[in-house]
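I opened this entry to look up how two chains of a model meet, and I note each item as I checked it.

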Amino acid sequence: MKVKAVIIGIITVAVIIYGRQPTRILDEISMPTAIGYDYAGKNKVKVTYTSTIYKPDKSMETTTLSAKDEISKETLSKIQKKSVGYVVTGKYEVIVYSKKLARHGIENYIDTLQRDPSISENLYLTVVDDEAKKILDKQYGVEDTGMYISKLIEHNTENGVLPRMNLHFFLGDYYSKVRDPFLPLLEQDGEDVNIKGVALFKGGRYVKTLRQDQLFTFRALIEKVTLGNFKVKLSSSEYASIEGIRTRHRYHVRNGKKEPEIDIDLYVKGNIREYQGKKLDERKSKKIEKKVEEKLEKQATSMIRSFQKSNIDPLGLGRQVRSRTRDFSNKKWREQYSDVKVNVRANAIITEKGVVDGE
Amino acid sequence: MKKWFRNKYNQQVQSSKKMSHTNYDQQDQSLFALINQFKQSGDFVHFYNPQSPQPFWISYFSSLIDVEILHRDILPYLNTIKLSSLEELRGALPIENIVITSDLEIIQKELFKGFVLIQFNEEDSACALVRGEIKKVRELTIAEEEYSVVGPKEGFVESLATNLNLVRKRLPVSQLLVKKMEMGKLSKTEVAVLYLEGIANEENVNTVLQRLQKLEFDQIIDSSVIAELIADNGNSVFPQLMDTERPDRVAGVLGEGKVVILVDGSPHALIGPINVVNFFSAFEDYYMNWQMASAFRVIRLFAVIFSVLVTPIYVAIVTYHYQLIPKDLMVTLVTSRRMVPLPPILEALVMELTIELLREAGARLPTKVGTTIGIVGGIVIGTAAVEAGVTSNILLIITALAALAAFTTPIYRMSSTIRLIRFPFLLFAQLWGLLGIAVAFIFLTTHLLRLTSLGRPYLEPIYPPRLGDLKDAFIRLPFSWQSKRPMFLQAESQKRFVKKQAKEKRDIDE
Amino acid sequence: MKTPIKEQFLVAPFLVFFLVHSTQLGVGVLSFQRDIAEFAGQDSWITVIVSGIIVHVLIWMIYTILNKEKSSLIVIHQNVFGKWLGGLINILFILHFLVISIVVLRTFIEVVQVWMFPSLRTLPLALVYLCSVYYVVSSGFRTVTGVCFIGVIFSLFLIVTFLAPWEFSTLRNLLPVYDHSFKEMANSIKEMTFPFIGFEFLLMYYPFIQKPKTSQKWAHYGNLATMAIYLILMLTALVYFEQEHLLRTSWPTLTMWKIINFSFLERFELIGIAFGAVVVFPKMCLVLWAASRATKELFKVRQIKILVFLLSICLIGSCILKDRDSIDLLQKFVSMVGFYLSIVYIPILFLIYHLRFRMGGKR
C-alpha cells in the first residue's frame, strides 16, 4: 500500500514536471486575423499582420505590424519581437496577396498554410489590386479587419456572386492536375472594400482577371447557383433584372480517349424582379428568356475560349473529362486542352414575374 | 466514560466468576454490586418504598424511562396491591412482557433500554423488569432532502419502530421480512434488514447479512456509517448504497427486489444493490406521466454532464485551445477576460471554491439565515468579483450554472460526489487541455467500470449493456411496459404483473 | 492443460461485436486513406470492401479452429506444432502484440504532438496513458470489454461529424469506377490490412466468451461495422479531397474535421483528438491484456507481474521512437508483420490444423 502511494506520487510529480505545456491564454496572445503579403524584391516578401486589441469597455483597436523576409514564417518571429502578446496563427481569417506578388507566384507562401495544423481550412485567400498593407492598415466599420473581409466574402458566396473559395478548395485546385485555382480579387474603394472580380491562377501564379459582370456565368459553370442575379438588355431602353436564379449544369464529354469534345448544358430558372420597358406579357417574357440564353452562351463561350488561350482551366474541364474517361492521361490532356472544342447550350425559364401583373 | 464503565463491570464479572466456587451467594451480591455501580451515575434512581402493602425496591435510569408510565402504570398498582411473589406482577401491572430474571447480562441490557427494575429485597438475586422506556421521537415531517412536489411527502424519522411502521403499512404482505441485529460495541444500535422473500435475490440478501455480521465497530451512529463500512470499495467517492429518507421509495425498491437496511436513530434507509443510473432518478418520476418524467431525467443527465465538464472545458479552451472559439464569440470572451489578472485555472478554482463556501455556509446556518447568505453572498460576491476584476463574468455564469446543475441530482450524496469530481477534471484540463479532460474521463470511466454495489456492476445498464433495464434508466417508459423487474437485481421472480392484461387493446367502439 | 475460466469472468457473446470492432479501430483511422489512395486512387473504397470480405473469411477460419479447440492461441499452437516450435510461434505473436501496442501508443502521441501540443514530450503522456491501461487490465477481462464497449459508443457519435465535409465535396472525384490494374488493387489491399488488424485477438479472448459458438455472428457484425466506418471515411476523403491533395495530406481524417464549423465551436479536430484518446484506449488495453495473458499461459507466471513488465517495455519503446521517420518505419514493419501473421499465417494454420485434425481423427 505504501509502495503504491509512493509510485503514484512519483508518477504525478514526473507528469507535472515533464508534461507542462506553454499556455496560450486567450487574453495574453495576439491573434492576427488578416495577413497581407507584399512583393519586396526578388524572393523577398513583406508580411503584414493585422490583429485587434479588445478593450474591456468592448471597444477595439486594430494594429498592424509588418516584417520582411524570405520565408514567411520567419516574418512571424520578427513580428514576435514587436508584439506585446505571443502571436499565434490559429485565428487567421483572411490572407491578402498583392497582385504584384501573385504575378510572381505565391507557391512559396502556401506551404506554411497547409503545414501549420493550427491554421483553419475555412481561411479565405484573396488577391488585392493594390498593395496588401494599404488595405489592411485601414479599419472598416466597427469590426476587426480580418473579420470584415471574411464576412464580406462569406456573404457574397452565400448570396450569389462568388463561387465557393477557401483554403481547402484552393489547395485542391492548386495540387490538381486537371484544374487551376482562382481567388477573389479585392480592391479598396474609398472607405470600403469591393469585390472586383476573380483572379485566375496557373498553379501559384496569377494570370488574369475575370470581371465582375462575368462572375454569374463563371459560377453557373462551376456549381449550382441558388440565389443568382442577372441583368439582360432587350433594347436600348428595355432592361430586365432576373433574381432568385437557380441554375444547374450538365457536362457531356464525347470521344474522351482521343479528341475530347465537351458539351455543356446550362439550365437557368428565375423570377423577374425589375423591368424597364413597356408591357411585360407572355411574348416579352419569352423574349427575355431567349435573350438570357443568348447572353449566357455568348459569355460562356468567349470565357472558355480565353481560358484556353491562356492555358488555364479554372472550370475543371479536365476533371469532367477525367471522370468520364478510363485510362485518362494528364499529360495528353494538357497538350490537347487549348484546342478542345467546347459547346455551351443555355436553357432559361422565367417562372414568376413578381406581384404586379402585366404593365 | 461509558467505555470505562463497561470495562470496570467486565472486570467485576470476571473476578466474581473466579470467586464463584467460594461464595454460593455470589449472584445476589453481584446484582447488588451492579446496582451500587450504577448508583455512581447521577441519573440512576434507586429507592425503597416501605409504606406499600408489599415493600419494594425500585431502580431505573431516569434519563431512559417515561415518568408518565411509572406514575400511571407502575407505582399505583405496586402501592395498592398485596403481592406475594414477583410472578404476580404479571397479573397486577397493565404492562406486557414483564421479565423476571436473575441473569445479570439481561438485567443490565434491559435497564439500558429503559426498563424499570423491581425487587422486594435489596439483596434478592431475582428481579422483575417492567418496560417503561420513553419514546421521544421527532414527529413525522416532510422529507426535506428529497422533497417532491407531487406524491407523498412524509419522511423517515430517527426511530426504527416508526420507520418500520412507515414501510410495513405500504407493504402489508407476509413476504416482507425484517431481520434484526444489534451492532456497535458501544452504541448497541438496532439494525434491521428488510427484503421481500421470493422476490429479492437470495445472494444479495446474504451478502448484506454477511457483511453486517462481519462488521466490527464501536459506534453506529447513523446509517451512513454502515454505508461506508459495507461498501464494496471504501476508497471510492461514489456512494455504493443509496440513502433515502422517503418511505415510498423504500417500498418501491423493495418491490423491485432490492434490499433495504434501516438503522435505529437514523432517518435514512440504505438501499442496495444500486447502479449509477438510479441516483439520477427522483422518485417523483414515478408520479408524473412518463413523457414528462423521461424529459426531466434527460435534462438531469445533461445537467450532470454539464456540471462536471463545463468549467474544465472553459479552462482548457481559454488556456490552450483559442482556435476553438468562433470569431463572433471571441470578442465577448476576450473583453471579459481582459481585466482579469489570474490565469483561467486559478480564476476557476476561486469561483468554484466561493460557490462551495456559500453552499457550506448555507448548510451550516439555520434555514432563514442560510437562504439570505446564499442570495446576498451570491449576488454581492459575484458582482463584486467581476467588478474588481478577479474573475470574468462569463466564468461567473458558467460556475453558477454548473453549481445549479449539480443540485438537480435527487440524491444529496451523489450531488456532492459530482461537485467533487469536477476538481480532478479541472486540474487535468489545466495540464493538457481537452486531452487532459479525455484522460480524466478515461480514469473516471474505468473507475466506474470497476465499481460494484453488493457485487453487482455499478455501471449497469450501460455496461454490461442490458436493453431491458434501459426502460427505466435514462428515460422512464410507461408502467405497462415495465412488466419485469430490473434484470440488474436478478430477482427470484422476474414478473411484476401479467403483461398481456396490461397491454390488452380494445377495438374501436367496443 | 485447459483451465476453464470461471463463469463470473466471462462476457456475453454479443460483446464480441464491440471487442472486434474496437480493436480494429486504432490510430489507423486518422491516416489510412492516403496510404490506400496512393495505389488505388478513386477506387480505394473498393479496396476497403474487398479487404473487409477477406477479413470475414479469416474470422470464419478462426472460428472453425476455435470451436473445435475451445482454448486460446497458445494452446492451439502447442497442440499443432508441439512444444518447441509452437512456443516459438507463440513468442513471435507476443512480440507482435507488444509492438502493436507500442505503435498504437506512439502514433497517437505523435498526433497529439503535431496537432495539439508541439512541445509535449512523449514520456509523460505515455506514462499517464499506460497507468490507465494498467488500471483497466489489472481489473480483468470484463473491465477491458467494458472499456471497448464505451469506446465504441463514443466513436458512434463521431461518425455524424463526417457528414460535414460532404458539403464541400465533389462526387465526380469517384469516377470512373474501377480504373486501376489488378496489381495496384492488390497492393492497396495489402496496405489496407493494417487498419483491419485486431480481429486476430479473437484467438486470445475466445475462452472468455459465454457460449462462444454463438458469438461468431457478432464477430462478423463487428468486422462489418469496422468496414462500414472505413468505407464512410474513405468515401468522404475521396470526395472531399482532390486526389493529388489527398496524397499530400498526412492525416486526412483530422484535416477533414478542420472544416467543421458550428456557431459555438470551430476547429473540430482538437475535440476529435481528445475523443481519439478515448477511442484508441480500448485497443491499447486489449492488446496489452492479450500480450500479458499469452505470456501467462505460455510461461505460467502471474499476469499482473508480466503486465507491469510489458507496460514498462511499451513505455521505453515509445520513448525511443523520436521522430516521424522512425515511427513510420515501425508502422510499416508492424503492418508487414501483421499482414503475414494474420492474412497469410491464419489460412496456413487453418489448413495445417484441419489436416492434422483429420489425421488425428483417423488415428
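My notes on the contact between the chains follow, with one record entry at the end.

I am working from a predicted model, in which local features need pLDDT of at least 70 and side-chain atom pairs count only at pLDDT 80 or more, while totals for chains, interfaces and linings use all residues. Residues are numbered from 1 along each chain as its sequence is written, chains are lettered from A and ligands numbered from 1 in the order written, and side-chain values use heavy atoms, without hydrogens and water.

I looked up the extent of the contact (heavy atoms within 4.5 Å) and found 22 residues from chain B and 27 residues from chain A. The two chains bury about 2,300 Å² between them, 67% of it on carbon and sulfur atoms, where buried area is the accessible area (1.4 Å probe) lost on putting the two parts together, summed over both. Of the area that chain B buries against chain A, B:Tyr322, B:Lys327 and B:Arg338 supply 32%, more than any other three residues.

I then checked for salt bridges (a side-chain nitrogen of Lys or Arg within 4 Å of a carboxyl oxygen of Asp or Glu) and counted 4 between chain B and chain A. One of them joins B:Arg337 to A:Asp27, with the closest N and O atoms 3.3 Å apart.
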